[in-house]
Amino acid sequence: MAIFQFHMQVIKRNDGKSVVAAAAYRSASKIENQYTGIMEDYTKKKWVTHSEIVLPEHAPKEFQDRGYLWNSVEEAEKDRRARLAKEVMIALPNELTPEENLQLVQGFVQDAFVSQGMVADFSIHNPPVINEQHIPVDRNGQPTKDEKDMIFQNPHAHILLTMRPLDKNGNWQPKTQKEYLCKRQGETAAFTAEEFIQAKADGWEKQYPYFKGREKVWLTPSEAYLENLVRASSNPRSTPYGRENPKMKYWNSTDAIFSWRKSWEEHVNQALERAGIPERVDCRSYQAQGLDDIAGIHLGPHGAKQTNSQQYQINEDIKKLNKKNQEIRQALGELETEIKQKNDQLYESIAERMGWLRGEILSARYDLEDFQTQREYIQKTAQSLQESVIRVKAARENVQERDRQAQKNISTLKKELERNFPAWSSRPDEIEASIQAEEEGIRFRQERLGRILNEEGFSDIQDYETKARMLAQMESGLQTLDQKISACEEQIQEHTRRYEKLCSQIPDDVSHLTDFRERRKRWSDIYGQRTSDHIRKRTGKVKTETFDRILHKTDYALNHTLYLAGRAGYLLERLDQSTQKTVSENQGRNY
């Protein structure tokens, strides 16, 4: 099984190491170390299947000579604590042939290191499995000298990399450059010697130490001239460590290491894919991959046979734990799959229910607006008619009351007129005059009523009665509309309350929430179309402008409800966390 292994170390002189010795050992060659005068001879080392030096652009051709290359590195580094080279050790996939592994390493070295300006010296090792006596064994554990019977399962490569970049002339660049702290009109900046040539023309000056009383101060020559001070030293002020070479700064960074690890992962996976092998490697740690596996200890071919060693036993325990973890992960995976299916069904049901409630709210809002429009029209019509009807009604009732009294008086007078009066009596004439006056009053009031009818827009009393009945019907219709409006408002409130309750059941996880939103939108669109079709079937048409306005208003209100539900959940969670923290602190204080 292909595994990911990428180990990097730095070969340092103060660790007692030599890069010449390291190169000779990795390549199983013989090189004289000109720094120490020692001949490093590892020509008897076995199982080195390939060694190669890869040069970047501008590198001298002499660097193809391994001894010349690494002695040049030793010579360039003067410090006894010098960092001489980087070494990368990578495990090669057993699934690939030696030729495929060689092409893999060559491609990786070129893309990851040489393209950035490093000189790379790599060697591929493929040692067999050995026993405790360091003798190769076959698959039965028996010692063997025949390579055909040996077990080769640890192919790996050692890559030595130079630490310094090369300039265009093939010379080693300095690791750092001296930076001078310069001033100009109170402003301070750092320049290298090359940069200072231009900076000086722009008015920048170096700073030097000057005596000022018993103290030394850093001033530019122009500043010291104004105060007539004497320079204490000719050494200009500079930064403590200088400016690090930008290429080296990146090569020594954590970002570079992550980039190289990622590059090795990609090269290995591409090689496995080209070979038709399904296995893949991952440069991330187990934790970053979301796994709870424990990383094993690299034992090497010799350590793998030391079955009584502590490291071997630790590795065996790790294998058992990882196997148990794998079984647990498999069981958890099956459980998570089942939970996901249940959640999918639940979320689909919630999304559908929310879509249905939205459709019901849309329908109720549409009806509510229609009823409110009808009520407004009827109220406006009834209001203008109501004043006329009230006036006519009051006048008519007054006329009718007074006419009844007049008719009663006339009847009484006529009865009195039937009596026998003496010839000389003037009473009959008086009665006749009273009857005539009452009848004249009746005619006058009827004429007055007719004028009032005309003033209020009625053609006659029959027209008034018709419109009075119409007004009564309008008032009855307004009561009915008020009941319908109340019913619609209650329905909207109830559906909104149920919608809000469903909002509390939606997932908190962002990945699930995104999927849930898509589900909710899909069902909202479905029930929105059904609502539109139902309105069209019920009323004969849909007022598009009205429906779109109601749709926008409803979605705004429901989205706000969804936001408030989420905000409330967040605040309750924070409150719960705060409460738990307070309880824990109190318990700790009491303890």
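This is a predicted model: local features need pLDDT of at least 70, side-chain atom pairs count only at pLDDT 80 or more; totals for chains, interfaces and linings use all residues.
**Stop one: two loops**

Start with Trp47, in the loop that joins strand S3 (38-41) to strand S4 (48-54). Look at its backbone: Trp47 is not a glycine, yet its phi is positive, at about 70°. Is Trp47 buried or partly exposed? Its relative accessible area is 26%, so Trp47 counts as partly exposed.

Now follow the chain past S4 and select His58, which sits in the loop between S4 and H2. His58 also has a positive phi, near 75°, in a residue other than glycine. With a relative accessibility of 41%, His58 is partly exposed.

**Stop two: a buried pair**

Select Arg66 and Asp121 together and show their side chains. The two form a salt bridge, and their closest N and O atoms are 2.8 Å apart. Which elements does this pair link? Arg66 belongs to helix H2 (residues 66-76) and Asp121 to strand S6 (residues 120-125), so the bridge ties together distant parts of the chain, 55 residues apart.

**Stop three: a link between H9 and H12**

Next, select Arg538 and Asp367. This is another salt bridge, with 3.1 Å between the closest N and O atoms. Here too the partners come from distant parts of the chain: Arg538 lies in helix H12 (residues 510-539) and Asp367 in helix H9 (residues 310-417), 171 residues apart. Arg538 is partly exposed at 41% relative accessible area, whereas Asp367 is buried at 16%.

**Stop four: a bridge inside one helix**

Move to helix H11 (residues 461-503) and pick out Asp463 and Lys467. Their side chains meet in a salt bridge, at 3.7 Å from N to O. How many residues apart are Asp463 and Lys467? They are four residues apart in H11, which means that about one helical turn separates them. Asp463 is buried, with a relative accessible area of 18%, and Lys467 is partly exposed at 26%.

Salt bridges can also share partners: select Asp344, Glu348, Arg519 and Arg522 to see four residues joined into one network in this way. Across the model, the count comes to 33 salt bridges.

**Stop five: two cysteines**

Now select Cys182 and Cys488. Cys182 is buried, with a relative accessible area of 0%. Cys488 is buried as well, at 6% relative accessibility. A disulfide is a covalent bond between the sulfur atoms of two cysteines. How many disulfides does the structure hold? The number is zero.

**Stop six: H9 against H10**

Finish by showing H9 alongside helix H10 (residues 427-455). Two packed helices are described by the angle between their axes and the distance between the axes. The axes of H9 and H10 come within 9 Å and cross at roughly 165°. This angle is over 145 degrees, so H9 runs roughly antiparallel to H10. The crossing of H9 past H10 is left-handed.

To see what makes up this contact, colour the residues by class.

Methods:
Residues are numbered from 1 along each chain as its sequence is written. Side-chain values use heavy atoms; hydrogens and water are left out. Buried means under 20% relative accessible area, exposed over 50%, partly exposed in between (1.4 Å probe, protein chains only). A disulfide is a pair of cysteine sulfur atoms within 2.5 Å. Axes are lines fitted to C-alpha atoms, for helices over the stretch in contact, and angles run from 0 to 180 degrees between N-to-C directions. Angles under 35 degrees count as roughly parallel, over 145 as roughly antiparallel, 65 to 115 as roughly perpendicular and the rest as oblique. A crossing is left-handed if the near helix is turned anticlockwise from the far one by less than a right angle, and right-handed if clockwise.
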